[in-house]
Amino acid sequence: MAVEFVGIDPDTDRDHCPTVWADAEAQEILLQGWKPSTETQAECEASSPANGPVPDSEAIVRIPARMIPMIREACDAVESAQLRSAAWPV
């Protein structure tokens with residue numbers, strides 16, 4: 001496996017560091033991030049076709065490169081939401 005560091009959260013405190021790596025050989029993306037709240041995890045599990053809950057030990061996940069369009073879509077949605085929030089303060 002040839003894992004290549006891609007980037008780290010620019011706002012990291014170096015203790016809690018969302019990070020992205022790429023494994024071009026395996027055509028996978030590796031992500032490190034925060035665990036969701038209990039409520040968010042339950043919502044994700046309820047909407048997932050996977051069998052059973054997400055194990056507590058999962059903090060780094062491998063995602064096939066074919067999912068990149070979905071990741072981009074999610075990023076675009078989050079970015080768009082952030083831009084709307086900034087444009088329309090509550």
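Which residue takes a positive phi in the hairpin of β2 and β3? The legends below cover this hairpin and other views of a predicted model.

**View 1. The hairpin of β2 and β3.** Q27 is the residue with the positive phi, near 55°. Four residues lie between the two strands of this hairpin. Strands β2 and β3 (residues 28-32) run antiparallel. Five bridges join them.

**View 2. D23 in strand β2.** D23 sits in strand β2. Its relative accessibility is 2%, so D23 counts as buried, the cut-off being under 20%. The side chain of D23 places a polar atom 3.0 Å from the backbone nitrogen of A26.

**View 3. The pairing of β1 and β2.** Strand β1 covers residues 3-8, and β2 covers residues 19-23. The two strands run antiparallel, joined by five bridges. G7 has V20 as its bridge partner in β2. Strand β2 is also joined to β3 by five bridges, again in an antiparallel arrangement.

**View 4. D9 in the loop between β1 and β2.** D9 is found in the loop that links these strands.

**View 5. The whole chain, for orientation.** Two helices and four strands make up the secondary structure elements of the chain. Their order along the sequence is β-β-β-α-β-α. The chain has 90 residues, and 12% of them are buried. D23 counts among the buried ones, at 2% relative accessibility. The accessible surface comes to about 7400 Å². Carbon and sulfur atoms account for 58% of that surface. Of the contacts between residues at least 6 apart in sequence, 36% join residues at least 24 apart.

**View 6. Confidence along the chain.** The mean pLDDT of the chain is 76. A value of 70 or more is reached by 80% of the residues. Where is confidence lowest, and where is it highest? Strand β4 (residues 60-64) is the lowest, with a mean of 63. Helix α1 (residues 38-47) is the highest, at 86.

How values were computed: Residues are numbered from 1 along each chain as its sequence is written. Side-chain values use heavy atoms; hydrogens and water are left out. Buried means under 20% relative accessible area, exposed over 50%, partly exposed in between (1.4 Å probe, protein chains only). Contact means heavy atoms within 4.5 Å. Accessible areas come from the Shrake-Rupley method with a 1.4 Å probe; for residues, only the protein chains shown count as cover. pLDDT is the predictor's confidence in each residue, from 0 to 100. A polar contact is a pair of N or O atoms within 3.5 Å; within protein, one must be able to donate a hydrogen and the other to accept it, and residues adjacent in sequence count only if both atoms are side-chain atoms. Two strands pair if DSSP finds at least two bridges between them.
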